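Let's take a walk through a protein model together. Keep the picture open as you read and look up each residue as it comes along.

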Amino acid sequence: MSSKKRNSLSADYNRSSFRFEDGPRPSDEIQDIDLNDDLKSSFLKSSTNDDETLNEANTSRDTPLTIRALLLGTILGLVVTASNMYLGFTIGWSFGASLFGSILGFAILKPLSKILPEKFGGGYFGPKENCTVQTAATAAGGLSVGFISAIPALYRLGLMSPAVTNDTLTLILWTFAAAYFGLFFAIPLRKYFILRQKLVFPSATVAAATIKSLHDNDSGTQSGLSQAKALMVSFVLALILKATVWWVPVLMEWHVLYWIGRASGSTGLMVADVVWKWRVELSLAFVGAGLMVGTNTATSFFGGSVLAWAVAGPVLLATGTVKAAYGYPQLNLNDPSATPDLSQTTAQFWLLWPGVTLMVVGSFAELGGRYKSLFRGVSGLFQEVKTVTLGMGKKNVAESTEVTEMHSLTNLKKLDKKYDDEEDPALPHEQVPVLWWSLGLISSVIFATVVLTTFFGVTWYESLLAILLGFVFAFVGVQVAGDTDIAPIGSIGKTSQFIFSAFHSTNRLQMLRSNLINGQVAAACAAQTVDMVSDLKTGHLLRASPRSQFLAQLIGSFFAVFFSVGLFTLFGTSYPCLLHPPAQNVTCQFEAPSVHSWTAVSVMLVTGIDKTVPLSSAITCLVAAVGAVLFTIIKVYKFVPIKYRDYLPNLNAIGIALVNPQPYIGFAMFFGALVNLIWQKRSPLTNTLFCCAIASGLIAGEGIGGIIEALYTLSGLNRDNLAVKWGIPQASDLVNLGISNLAGSSGN
């Protein structure tokens with residue numbers, strides 16, 4: 001393996017499983033780190049010769065599918081689902097459960113396996129069973145995608161029931177459909193992507209290397225327990241702080257500029273704080289996100305926040321281009337001729353469009369720059385279909401399949417010299433029977449079609465087209481994710497939205513509903529398929545049973561369906577502003593940038609760009625699109641010397657910053673990335689061992705704390721009356737200073 005590839009893999013250790021919901025996870029922009037010897041040898045072994053037996057992973061004592069592994073993995077995955085719901089509503093990002101499940105699963109079950117008798121859950125705990133824990137965790141933790149994007153957008157546009165509790169059955173059935181057709185589709189892709197192409201899947205490789213290192217020897221066990229302890233301490237700390245700050249906001253929320261401005265008589269400083277939200281709020285979840293995503297992404301996000309909310313927004317407001325800082329023009333959807341009132345444009349609405357443009361065009365440009373991966377994916381899809389079709393049409397199926405596969409192999413070798421069709425190392429009783437996944441796939445397609453037509457009013461042919469596009473995009477998504485660790489979920493959803501904008505109807509409400517839900521079909525299918533195939537890669541490296549992983553995925557997803565719907569109902573009930581636009585001068589706990597971008601794109605496609613986007617913003621979008629394409633060409637084709645490449649900004653992070661008017665989040669992430677950078681320089685070994693564990697704990701802990709806050713609200717507690725107000729600017733102060741009218745309506 002080349003040095004360059006090893007560096008890419010080692011960099012992935014610190015950012016694995018972190019995902020942008022509105023675009024791909026960054027690939028080249030994260031700085032390199034040093035791995036300890038155990039992890040380094042595991043990386044080299046698994047990525048250069050992944051068919052070599054992995055010592056203890058093949059022990060006959062290791063029973064992969066156990067009740068304790070399924071139960072614990074599902075619980076850990078549900079914790080991640082809760083965190084992702086909170087994180088997604090706040091900033092539009094989510095993180096995977098793979099390493100969280102791997103480390104905590106080991107830390108909990110390894111001691112219990114020695115303490116408890118076998119009949120009460122004790123007995124040998126090895127890497128294959130550990131793989132089952134992380135597989136169930138990934139399946140249970142991956143169903144938040146739709147609930148932080150398209151589903152709330154449907155509510156925002158008045159396309160669902162006024163009360164989210166009235167749609168419980170619809171949401172459960174939709175989530176079942178979204179969970180399972182991607183899962184069943186992942187099984188037949190294992191042979192093509194993992195056995196033949198031997199794609200790396202960096203995050204999956206990291207998870208396998210981590211699990212193996214935990215079980216290798218006593219040193220690995222102690223190291224794993226130390227990582228788990230760090231994760232749990234950070235988890236509890238973040239949870240307690242988040243649950244407490246609801247009562248005492250000043251513990252986290254520091255209005256430095258406001259009080260300096262108040263003391264010096266500077267209205268500008270006070271406006272910067274209370275209107276443009278330039279305060280210090282070191283949210284531990286986003287400090288953890290900064291630790292995980294690295295310096296480049298965090299700096300890009302913070303730089304985008306400065307550009308949007310310290311430069312562009314104030315300039316737009318000062319020049320009269322916009323009327324207020326925050327809010328969105330209202331649209332009467334029941335009137336087919338109605339359009340948004342652009343005379344009441346706000347800075348948030350104006351900047352939304354360049355932000356979405358950067359995310360969408362930047363993502364497409366990145367994918368286009370990786371045309372070889374895309375071509376391999378599409379070519380492989382057609383070759384596989386051809387293989388199956390010709391094989392089924394022959395009497396001698398074995399001979400026909402062999403000839404066709406040789407033809408397929410010959411063509412694909414021209415694209416990838418490493419293409420190698422070999423025997424499956426999984427024993428026959430460990431593999432998933434064709435009957436299982438094929439019947440499951442057919443049933444899930446029929447079920448999804450019925451749900452879409454019955455509950456969302458989508459025509460049957462649009463439903464089938466959406467599912468077909470979902471499969472095609474999932475195939476391409478797995479190819480790209482396996483090559484680069486990019487999960488282009490946002491790009492896939494937006495592509496489907498653009499495709500379905502060609503289906504016209506006299507009913508504008510139904511056009512919006514179909515556009516959103518059909519786009520979500522593709523995104524959900526791709527997200528689940530990428531996650532499941534990545535899990536199968538982890539299992540392949542550990543020689544775990546694909547059948548055990550498949551069953552773990554089924555069970556984890558089943559419980560996650562009900563939990564995800566319940567969480568969404570909790571958040572939607574506790575914070576109505578998530579599902580309905582807040583009134584003027586009313587603040588919302590969450591900005592929900594993914595919801596805004598999905599809503600805006602859908603309305604723009606149905607209503608028309610000339611009637612939806614302010615002219616000056618549209619011109620800026622054009623400039624941003626051209627700039628994104630040129631920048632990607634420079635980046636992908638390496639026109640910049642390698643020593644300067646780490647300084648190239650992440651367009652996706654900048655785009656999200658433009659959509660999300662919470663600059664204090666960008667500052668918290670930048671602070672976390674800075675801590676990580678200093679930590680790497682001073683102690684690379686401890687950074688490698690503990691950074692990802694601490695970051696995961698901080699993110700998950702604050703996410704659970706966010707649920708506790710939602711329960712406070714749901715129980716009828718009024719924060720305005722109960723919270724300690726010391727150190728926090730009050731609404732009456734802003735009115736007296738004459739600056740409250742500048743803000744408009746927004747999140748916190």
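Here is a tour of some contacts between side chains.

First, some housekeeping: this is a predicted model, where local features need pLDDT of at least 70 and side-chain atom pairs count only at pLDDT 80 or more, while totals for chains, interfaces and linings use all residues. Residues are numbered from 1 along each chain as its sequence is written, and side-chain values use heavy atoms, with hydrogens and water left out.

Let's start with charges. The structure holds 5 salt bridges (a side-chain nitrogen of Lys or Arg within 4 Å of a carboxyl oxygen of Asp or Glu). In one of them, lysine 242 pairs up with glutamate 709, with the closest N and O atoms 3.7 Å apart. Lysine 242 sits in helix H9 and glutamate 709 in helix H28, 467 residues apart, so this pair links distant parts of the chain (helices are DSSP runs of H or I with at least four residues, strands are runs of E with at least two, and both are numbered from the N terminus). Both lysine 242 and glutamate 709 are buried, meaning under 20% relative accessible area with a 1.4 Å probe, protein chains only; over 50% is exposed and in between is partly exposed.

Next, find lysine 277, which forms a salt bridge with glutamate 591 at 3.2 Å between the closest N and O atoms. Lysine 277 is in the loop between helix H11 and strand E4, and glutamate 591 is in the loop between strand E5 and helix H22, so the pair ties together parts 314 residues apart in sequence. Lysine 277 also lies over the face of tyrosine 326, 4.2 Å from the ring centre (the cut-offs are NZ of Lys or CZ of Arg within 6 Å of the ring centre and within 35 degrees of the ring normal).

Now for the rings. There are 34 aromatic pairs, that is, rings of Phe, Tyr and Trp (its six-membered ring) with centres within 6.5 Å; planes under 30 degrees apart are stacked, over 60 edge-to-face and the rest tilted. How are phenylalanine 89 and phenylalanine 590 arranged? Their planes are at 55° and their centres 6.0 Å apart, so the pair is tilted. Phenylalanine 89 belongs to helix H3 and phenylalanine 590 to the loop between E5 and H22, so parts 501 residues apart in sequence are tied together.

One aromatic cluster includes Phe176, Tyr180 and Trp436. Over the ring of tryptophan 436 sits the charged end of arginine 547, 4.9 Å from the centre.
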